[in-house]
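Thanks, everyone. I will take one model today and go through it in order. Please bring it up on the screen.

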Amino acid sequence: MTTIKVPDMMCENCVKRITNALTAAELKFQVDLAEKKVTIDGCENCVKTAVGELEDLGFTPEVQG
């Protein structure tokens, strides 16, 4: 499991956009609005894909490890 901080995730609409993008990318993940983080369950390539998707949505993801 890899945690990606998403400090500019502000609301349920952000969660919906992230969920839709990561689902379309066929990733296993959890979105936590309260903690402003996305947890990726997968390999390093999955994490890179998730970061790319988040950046494409206009977020500034920070991989925590």
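Leaving aside neighbours within four places in sequence, which residues is Thr 39 in contact with? Before I answer, note that this is a predicted model. The contacts of Thr 39 are with Met 1, Thr 2, Thr 3, Lys 28, Phe 29 and Gln 30. Thr 39 lies in strand β3, and at a relative accessible area of 11% it is buried.

Now the overall layout. The protein chain has two helices and four strands, and from the N terminus on, the order of elements is β-α-β-β-α-β. Along the principal axes, the C-alpha atoms fill a box of roughly 30 × 25 × 15 Å. A compact globule of 65 residues would have a radius of gyration near 11 Å, and the protein chain has 10 Å, so the two agree. Of the contacts with a separation of 6 or more, 62% are between residues 24 or more positions apart. Buried residues make up 29% of the 65 residues. The accessible surface comes to about 3900 Å², and 48% of that belongs to carbon and sulfur atoms.

Next, the interior. In soluble globular proteins, nonpolar side chains tend to be buried together. In this model the largest nonpolar core has 15 residues, and those with the most contacts inside it are Ile 4, Val 6, Met 9, Ile 18, Leu 22, Ile 40 and Phe 59. The elements that give two or more residues to this core are α1, residues 12-24, β3, residues 37-40, and α2, residues 44-56.

Take Met 9 from that list. Which residues does Met 9 touch, not counting those up to four places away in sequence? They are Cys 14, Val 15, Ile 18, Val 31, Asp 32, Leu 33, Lys 36, Lys 37 and Phe 59.

Lys 37 is in strand β3, and at 24% relative accessibility it counts as partly exposed. Again without residues up to four places away, Lys 37 touches Thr 3, Ile 4, Lys 5, Val 6, Met 9, Gln 30, Val 31 and Asp 32.

Lys 36 is found in the loop between β2 and β3. At 26% relative accessibility, Lys 36 is partly exposed. Its backbone deserves a look: Lys 36 is not a glycine, although its phi is positive, about 55 degrees. Most residues other than glycine have a negative phi. Where else is there a positive phi in a residue that is not a glycine? Glu 26 has one, of about 60 degrees. Glu 26 is in the loop between α1 and β2, the latter being residues 29-32, and at 72% relative accessibility Glu 26 is exposed.

On to the cysteines. How many disulfides does the structure hold? The number is zero. A disulfide is a covalent bond between the sulfur atoms of two cysteines. For Cys 14, the closest cysteine sulfur is in Cys 11 at 3.8 Å, which is too far for a bond. For Cys 46, the closest cysteine sulfur is in Cys 43 at 3.5 Å, also too far for a bond. The cut-off applied here is 2.5 Å between the sulfur atoms.

Last, charged pairs. How many salt bridges does the count come to? The count is one. That salt bridge joins the side chains of Glu 44 and Lys 48, with an N to O distance of 3.9 Å; the cut-off is 4 Å. Both residues are in helix α2, and because they are four residues apart, about one helical turn separates them. Is Glu 44 buried or exposed? At 59% relative accessibility, Glu 44 is exposed. Lys 48 is exposed too, with a relative accessible area of 56%.

That is the end of my part.

Definitions and conventions:
Residues are numbered from 1 along each chain as its sequence is written. This is a predicted model: local features need pLDDT of at least 70, side-chain atom pairs count only at pLDDT 80 or more; totals for chains, interfaces and linings use all residues. Side-chain values use heavy atoms; hydrogens and water are left out. A nonpolar core is a set of buried Ala, Val, Leu, Ile, Met, Phe, Trp, Tyr and Cys residues joined through side-chain atoms within 4.5 Å. Buried means under 20% relative accessible area, exposed over 50%, partly exposed in between (1.4 Å probe, protein chains only). Contact means heavy atoms within 4.5 Å. The radius of gyration is taken over C-alpha atoms; the globule rule is 2.2 Å times the number of residues to the power 0.38. Accessible areas come from the Shrake-Rupley method with a 1.4 Å probe; for residues, only the protein chains shown count as cover.
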